[in-house]
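The sequence and structure come first.

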Amino acid sequence: MKESRLESMLTSLGDSIDWPAASPHLSARVMTRIESEQPTAASRGIWRRPAIATVAVLVVTVVLVFSPSARQAVADLLSAAGIRIGVTSDQTPTIGAELDLGQLVQLDEVEDAVEFQIRIPGGRDPGVPHAVYLSDGGQVTMVWDGTPSLPAAGDTGIGLLLTQSAGNVGPEFAEKSIGPETGVQTLMVEGQPAHWIEGAAHTFTLLDAEGDPIEETTRLAANVLLWEAGGVNHRLETTGDLQGSLAVVDTLEPLP
Amino acid sequence: MEGRPLDEQELIASAKNGDTRAFGQLVRTHQGIALRVAYLVVRDSSEAEDVTQDAFVKAYRSLDRFRTEAPFRPWLLKIVRNEALNRVRSTKRRDSLALQITNDPVSGDAAPSPETEVISEEERGRLLGLIEDLPDRYRSVIVHRYLLDLSEEETSEILGLPVGTVKSRSSRAMQRLRKSLAPEYRDSE
């Protein structure tokens, strides 16, 4: 295929960039490092002792995990030696960790990682997200624990999940995988057409920032409110009802 | 094409068997492009060299998971880019281009291809500025595809995007660049 003039200009531009040149030591340093890692009979012998130590640490860890009295005894012992440790029984994974939502991040980190303005609920309910995830595709998902007023969905422990990503609901929104046991209601949210999907788990199609369709599946066996505001797709999943979801939307405000 | 994939496969097979000299040859072959990929992310030549070095060591450790018949370069460059991104994330820096035009058009280890367009220094600076102004998602595709002269398939693997997305982003980025360029530099197509 004939290259366009612009393509030719870009290729030419690549040739005139002031790229750094590899230092003469680069390959030598790599070689030194990988050669130092080559396993030898001697090194395999050396690893036996740490392996025994590892087993010992594991035994101690198992005792500590399963025995609160042993944890307290070790804490007291270390405290007597001038070392303070906190004893906690909280061994549960972070909420949402099993849903493959992406990398667990802090809110202030995620702001720099995406090109759109992230908004969070500003009210006391649901309050600050209990966990925030960033996916490779640039989706930001905030997760809140279930509460008595907003029960957790199934055994996920999650009461509310809010996902934001660049794009729009668009005309491609498809109900092809939505069965008869699922209800879809179209309404206006923040001045834009929105969809409230209630009932069984379902798949739907949205458009990403480039206008390419992306197929999505509900994460919770719960209800979903889908809407777009300012070029950002919003997806709120909850066990609660539509009114409660709209109340959360009303409190959304840009991340300070 | 340089007619050397078979040689490279042999080197990879030897390196997998613990032949560090074979891996050293792979390092020397790809260190130039690897350094550029790292530099595009970290924007500091000294740090880019550290990243490249770490990435080669990680690639060596991961060789047993590499399929010998697969293309080596995009696999390696993806490791380099991930290593560079991890550095940037750890320091919370933003990825921007900040490339400079050189007075010596054959800097680095790649010679210009004979078919490339001869453009003035002013045009190069303007084009580079326009690329820098593109949104990240378009800029990264254009930079890998054209400034690094990688194929769509290689760009796809390095950036972790489907080939179709590389094509559509490249096409949209080119449309934006064409709109911004003065009419005399636009294609008549």
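A residue counts as buried if 20 or more other C-beta atoms lie within 10 Å of its own, as exposed if 12 or fewer do, and as partly exposed in between, with C-beta atoms placed from the backbone. The model is predicted: local features need pLDDT of at least 70 and side-chain atom pairs count only at pLDDT 80 or more, while totals for chains, interfaces and linings use all residues. Residues are numbered from 1 along each chain as its sequence is written, and chains are lettered from A and ligands numbered from 1 in the order in which they are written.

**Burial of H6(B)**

- Ten of the twelve residues of H6(B) are buried, so that the helix is mostly covered; helices (H or I, at least four residues) and strands (E, at least two) are DSSP runs numbered from the N terminus.
- The buried residues are B:Tyr138, B:Arg139, B:Ser140, B:Val141, B:Ile142, B:Val143, B:His144, B:Arg145, B:Tyr146 and B:Leu147.
- Their cover includes helix H1 (5–15) of chain A, together with H2, H5, H7 and H8 of chain B.
- B:Asp149, which follows H6(B), has a positive phi near 55 degrees.

**Helix packing in chain B**

- Axes are lines fitted to C-alpha atoms, for helices over the stretch in contact, and angles run from 0 to 180 degrees between N-to-C directions.
- The axes of H6(B) and H7(B) (residues 152–159) come within 9 Å and cross at roughly 135 degrees.
- H6(B) is therefore oblique to H7(B); angles under 35 degrees count as roughly parallel, over 145 as roughly antiparallel, 65 to 115 as roughly perpendicular and the rest as oblique.
- In this pair, B:Ser140, B:Val141, B:His144 and B:Arg145 of H6(B) contact B:Glu152, B:Thr155, B:Ile158 and B:Leu159 of H7(B), two residues being in contact if their C-beta atoms, placed from the backbone, lie within 7 Å.
- H7(B) and H8(B) pack at about 105 degrees with axes 8 Å apart, which means that H7(B) is roughly perpendicular to H8(B).
- B:Glu152, B:Glu153, B:Thr155 and B:Ser156 in H7(B) meet B:Val163, B:Val166 and B:Lys167 in H8(B).

**Contact between the chains**

- Chain B contributes 55 residues to the contact and chain A contributes 35 residues.
- H2(B) gives the largest share of the side of chain B that touches chain A, ten residues.
- That side of chain B divides into 23 nonpolar, 17 polar and 15 charged residues; Ala, Val, Leu, Ile, Met, Phe, Trp, Tyr, Cys and Pro count as nonpolar, Asp, Glu, Lys and Arg as charged, and the others, Gly among them, as polar.
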